[in-house]
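This briefing goes through a protein model by topic. Please look over the sequence and the structure before reading the points below.

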Amino acid sequence: MGAAYGKDVVELSRELRPALMAFFLRRVHDHAEAEDLTQEVFSRIAAQPDIAMRSGSAYLFQIAANLLRDRARRRQVRRNYRETLGQIDGEAIELIDPFRVTAARNSMAALRAALDELDPTTSAIFVLYRLEYMSKDVIAESFGMTVRTVEKHLTKAMARLTMQLGDAI
């Protein structure tokens, strides 16, 4: 495969590169992109030399057509994404609103301060259960206590945090 294969791809490139460039230029109207697409065709041909050498230009242009379809699909996905973002902007919802970020940070700081006022075991159990989504059984086993004791710690934490933070938790 080695030298003969390399020579075949080089000859195929010499022979069909101008036709492929023209094919792509008629469709993409950008010389750099047409060159990239042409190079991609020959890269794919180099990866499967046996098929390409038997099929010749028909296979080459089928790869080219497939590349254009892939390009169109990628552009459509990007267009849909931009439209979705535009709709979100139209609803006056900004993804990274500085005020929302600040409010979230303040809420987290208040929660952290309230948790620091709790007994360390109660605070740890609350964090594991409510923030880490660990089951009560696993928490009980980890702390060497019963599930009922874990529930008491959670009730104590919720009561204290509700008093301090209100409905924010």
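His29 sits in the loop between helix 1 and helix 2; helices here are DSSP runs of H or I of at least four residues, numbered from the N terminus. This is a predicted model, in which local features need pLDDT of at least 70 and side-chain atom pairs count only at pLDDT 80 or more, while totals for chains, interfaces and linings use all residues. Residues are numbered from 1 along each chain as its sequence is written, and side-chain values use heavy atoms, with hydrogens and water left out.

**Loop residues with positive phi**

- His29 has a positive phi of about 55° although it is not a glycine.
- His29 counts as exposed because its relative accessibility is 65%; exposed means over 50% relative accessible area, buried under 20% and partly exposed in between, with a 1.4 Å probe and protein chains only.
- Tyr133, in the loop between helix 6 and helix 7, is another residue other than glycine with a positive phi, near 55°.
- With a relative accessible area of 70%, Tyr133 is exposed.

**Nonpolar cores**

- The largest nonpolar core has 18 residues, and Leu20, Phe24, Val41, Ile45 and Leu60 have the most contacts inside it.
- A nonpolar core is a set of buried Ala, Val, Leu, Ile, Met, Phe, Trp, Tyr and Cys residues joined through side-chain atoms within 4.5 Å.
- At least two residues of this core come from each of helix 1, helix 2 (31-47) and helix 4, and helix 1 gives the most, with eight residues.
- Val41 is in contact (heavy atoms within 4.5 Å) with Leu20, Phe24, Leu60, Ile63, Ala64 and Leu67, leaving aside neighbours within four places in sequence.

**Aromatic pairs**

- The whole structure contains two aromatic pairs; rings of Phe, Tyr and Trp (its six-membered ring) pair if their centres lie within 6.5 Å, and planes under 30 degrees apart count as stacked, over 60 as edge-to-face and the rest as tilted.
- Phe23 and Phe24 form an edge-to-face pair, 5.5 Å centre to centre with 70° between the planes, and both residues are buried.
- The pair of Phe23 and Phe61 is edge-to-face because the planes are at 80°, with the ring centres 5.5 Å apart.
- This second pair links distant parts of the chain, with Phe23 in helix 1 (residues 2-28) and Phe61 in helix 4 (residues 57-90), 38 residues apart.
- Phe23 is buried at a relative accessible area of 11%, whereas Phe61 is partly exposed at 25%.

- Arg71 lies in helix 4 and is buried, with a relative accessible area of 11%.
- Leaving aside neighbours within four places in sequence, Arg71 is in contact with Val28, Glu33 and Leu37.
- Thr122, in helix 6 (residues 120-131), is buried at a relative accessible area of 0%.
- Beyond neighbours within four places in sequence, Thr122 is in contact with His153, Lys156 and Ala157.

**Helix 7 and helix 8**

- The axes of helix 7 (residues 136-143) and helix 8 (residues 147-165) come within 8 Å and cross at roughly 100°; axes are lines fitted to C-alpha atoms over the stretch in contact, and angles run from 0 to 180 degrees between N-to-C directions.
- Lys136, Asp137, Ile139 and Ala140 in helix 7 meet Val147, Val150, Glu151 and Leu154 in helix 8.
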